[in-house]
Amino acid sequence: MLSSINDAECIWLPIDSTGVDMNESDRVAPLTRRELDRVSRLLQSTKYDRAMNMEGMDGFFTALICGPGRVGFSDYLPVVFGALPGEHLRFAASAVPPTLRRLLYRHWNSIVHSFESGACHVPVVLDDIDAPLCGKAWAQGFMLGVGLRT
């Protein structure tokens, strides 16, 4: 079984903005383009200047999910916000906006669901025409995730 996040392992509850528990299909629904853009903006607006972008985080999550064993939430969330693996970032998960936490939770679970259902996980690749290599941040995030697992 893949490393799905369930309510007992999270520091947040999977609720929508109205405070109502999300149903199972909402917990695994892929993020819309608008939600992906929102996550990107929220990640870049944090006080952590080395936070991943959405593309890198997708690669990072994918490596953590498809690799052997489990990596705990407290081990990987600081890395999303710029800590190097093994480095302790002064990080309070409660400082992560609830909207961002909910979207990260859902993105993780949508990747797990795609693998478990036999569907293809389509990597999130930013459409930055100025970037020298398409998918570079995704690959870097993936390799960072592989490194965290070894």
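Are Tyr76 and Trp108 buried or exposed? Both are buried, where buried means under 20% relative accessible area, exposed means over 50%, and partly exposed is in between, with a 1.4 Å probe and protein chains only. Before going further, some ground rules. This is a predicted model, in which local features need pLDDT of at least 70, side-chain atom pairs count only at pLDDT 80 or more, and totals for chains, interfaces and linings use all residues. Residues are numbered from 1 along each chain as its sequence is written, and side-chain values use heavy atoms, with hydrogens and water left out.

Let's start with the overall layout. The chain has six helices and zero strands, so its elements read α-α-α-α-α-α from the N terminus on; helices (H or I, at least four residues) and strands (E, at least two) are DSSP runs, numbered from the N terminus. Of the chain's 150 residues, 46% count as buried. Take the contacts (heavy atoms within 4.5 Å) between residues at least 6 apart in sequence: 74% of them join residues at least 24 apart. The accessible surface comes to about 8,500 Å², with 56% of that belonging to carbon and sulfur atoms; areas come from the Shrake-Rupley method with a 1.4 Å probe, and for residues only the protein chains shown count as cover.

Now for the rings. The structure holds four aromatic pairs: rings of Phe, Tyr and Trp (its six-membered ring) pair if their centres lie within 6.5 Å, and planes under 30 degrees apart count as stacked, over 60 as edge-to-face and the rest as tilted. One of the pairs is Phe61 with Trp108, which is edge-to-face because the centres are 5.0 Å apart and the planes sit at 70°. That pair links distant parts of the chain, with Phe61 in helix H3 (residues 54–66) and Trp108 in helix H5 (residues 98–116), 47 residues apart. Phe61 counts as buried because its relative accessibility is 1%, and Trp108 is buried at 2%. Trp108 also pairs with Tyr76, this time stacked, at 4.7 Å centre to centre and 5° between the planes. Here too the link spans distant parts of the chain: Tyr76 belongs to helix H4 (residues 73–80), 32 residues from Trp108 in H5. Put together, Phe61, Tyr76 and Trp108 form one aromatic cluster.

What about H4 itself? Six of its eight residues are buried, so the helix is largely enclosed by the rest of the structure. Those six are Phe73, Tyr76, Leu77, Pro78, Val79 and Val80, and they pack against H2, H3, H5 and helix H6 (136–149). After H4 comes Gly82, with a positive phi near 115°.

In soluble globular proteins, nonpolar side chains tend to be buried together. A nonpolar core is a set of buried Ala, Val, Leu, Ile, Met, Phe, Trp, Tyr and Cys residues joined through side-chain atoms within 4.5 Å. The largest one here has 30 residues, and Val39, Met57, Phe60, Phe61, Tyr76 and Phe81 touch the most other members. Helix H2 (33–44), H3, H4 and H5 are the elements giving two or more residues to this core. Leaving out residues up to four places away in sequence, Met57 touches Val39, Leu43, Met52, Val80, Leu104 and His107.

Finally, the cysteines. There are zero disulfides (pairs of cysteine sulfur atoms within 2.5 Å) in the structure. Cys66 is partly exposed because its relative accessible area is 41%, while Cys120 counts as exposed at 64%.
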